[in-house]
Amino acid sequence: MMRKTLLTSMALAVGLMARGAFAADATGPFADLDNDGVFGPGDVSLTKALGNDGVFDSSRADAGYQPVDGKVDVVFPARYVSKKRVLVVKTNGDISVHGGLGAAGNGGVIVLLSTGGAVHVDGSLRLTTDSVLQLIGLGDVVVGDGVQLLAKSGDFSMVSIASQDGNVHIGSNVNIGAQGLVEITTGDQTGGVVEVGPGSRVASGGGSARLTAGNDVSLTGMKLSAQNVLIGSHASPRTGRAGAMGPGYTTVRSSLVKAPHGQVHIFADGDGGTIDVTKTALQAESRDQVTLDADIIVR
Ligand SMILES: [Ca+2]
């Protein structure tokens, strides 16, 4: 018992010293090779790799980084603005964002792509870019409460939040906007749920908004506006029993969905597919531009 306590306190002391030695670099983005979320010995600062060209790819050697066998997480411990117009991270591990992100200049692009893990953005952060903002994970993509995700300029600006095999969770009071396409999706066949929390706003100035999932779509107390709006839940093996294609469930409650110059199309595929639009206002260019496509419709 005594020995265990002593070893524990020694380990703590070593940990503190190690952390202290690296404190100077602790606010820059880093490749977290031991996957503990903390910058320590063995991890690699990405300040140089990202500073050179704005790009880091965990499968390629870059400015002191050598590819490794295991999962490489990437952490942004604090606010980071790329001066190279692009900020592109592609890694096989998780990507964690604890500070706001930006990419300077016209045509600015931010792409965070996890080919083997999740993407997490802490609450209350602001991620802005001129042109393209994409958060893409093989697993879950989670956006905390009060986050702002904005692609600010021209008609081609877009925001895409997508998970291939996991869920997309958007918290409450989140603001997502672009002039062009806004997509919040999970894989048609393999994806999980798409959830957006109350008080959130999703807006495309001149393009489409597409919120679709391989599992349930659940939107509550939100405002959604675009040229055209598509919301839907696919019938997928994830919702079905014994390998059958299960029905989709699309819930849009207590919300405002607006496409004043276009169409609103909502669907829930499969036998027994259900749309629930209780207390939701659906506005399109005309009445027949609102289509609800499912076996069961609850209003
Ligand atoms: Ca670490």
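A residue is called buried if 20 or more other C-beta atoms lie within 10 Å of its own, exposed if 12 or fewer do, and partly exposed in between, with C-beta atoms placed from the backbone. Helices (H or I, at least four residues) and strands (E, at least two) are DSSP runs, numbered from the N terminus. Strand β11 (residues 126-129) shows the use of these terms: L127 and T129 make up its covered face, and R126 and T128 its uncovered one.

## The model and its confidence

This is a predicted model, in which local features need pLDDT of at least 70 and side-chain atom pairs count only at pLDDT 80 or more, while totals for chains, interfaces and linings use all residues. Residues are numbered from 1 along each chain as its sequence is written.

The predictor's confidence in each residue, from 0 to 100, is the pLDDT. The chain averages a pLDDT of 91, and 90% of the residues score at least 70. Over residues 1-24, however, the pLDDT is below 50, and this stretch has 6 contacts in the model beyond near neighbours in sequence. Where pLDDT is low, the predicted coordinates should not be read in detail.

## Overall composition

The secondary structure of the chain comprises 2 helices and 31 strands. Of the 299 residues in the chain, 46% are buried. Two residues are in contact if their C-beta atoms, placed from the backbone, lie within 7 Å. Among contacts with a separation of 6 or more, 45% join residues 24 or more positions apart.

## Two open sheets

Two strands pair if DSSP finds at least two bridges between them. T185 has T212 as its bridge partner in β21.

Another open sheet has 12 strands and mixed pairing, in the order β2-β1-β4-β7-β10-β13-β16-β19-β22-β25-β28-β31. Here the edge strands are β2 (44-45) and β31 (296-298), each of which pairs on one side only. Strand β28 (residues 274-276) pairs with β31 in the parallel sense over 3 bridges, and I275 has I297 as its bridge partner in β31.

## Further parallel pairs

| Strand | Partner strand | Bridges |
|---|---|---|
| β8 (residues 101-103) | β11 | 2 bridges |
| β11 | β14 (residues 148-151) | 4 bridges |
| β14 | β17 (residues 175-178) | 4 bridges |
| β17 | β20 (residues 201-204) | 4 bridges |
| β26 (residues 256-259) | β29 | 4 bridges |

Individual residues can be followed through these pairs. L127 is the bridge partner of L101 in β11, and L149 is the bridge partner of L127 in β14. Q148 has N175 as its bridge partner in β17, and G177 stands opposite A203 in β20. V257 is partnered by L282 in β29.

In a regular strand the side chains alternate between the two faces of the sheet.

## The nonpolar core

A nonpolar core is a set of buried Ala, Val, Leu, Ile, Met, Phe, Trp, Tyr and Cys residues joined through C-beta atoms within 7 Å. The largest one has 77 residues, and those with the most contacts inside it are A31, I110, V143, V159, I161, V182 and V229. With neighbours within four places in sequence left aside, I161 is in contact with L135, V141, V143, V168, E183 and I184.

## Two loop residues

A226 lies in the loop between β23 (223-225) and β24 (228-233). It counts as buried because 27 other C-beta atoms lie within 10 Å. A226 and V182 are 44 residues apart in sequence, and their C-alpha atoms are 8.6 Å apart in space. Apart from neighbours within four places in sequence, the contacts of A226 are V182, A203, S204, G207, S208, A209 and A259.

V68 is placed in the loop between β3 and β4 (73-76). It counts as partly exposed because it has 14 C-beta neighbours inside 10 Å. V68 and S58 are 10 residues apart in sequence and 8.1 Å apart in space, C-alpha to C-alpha.
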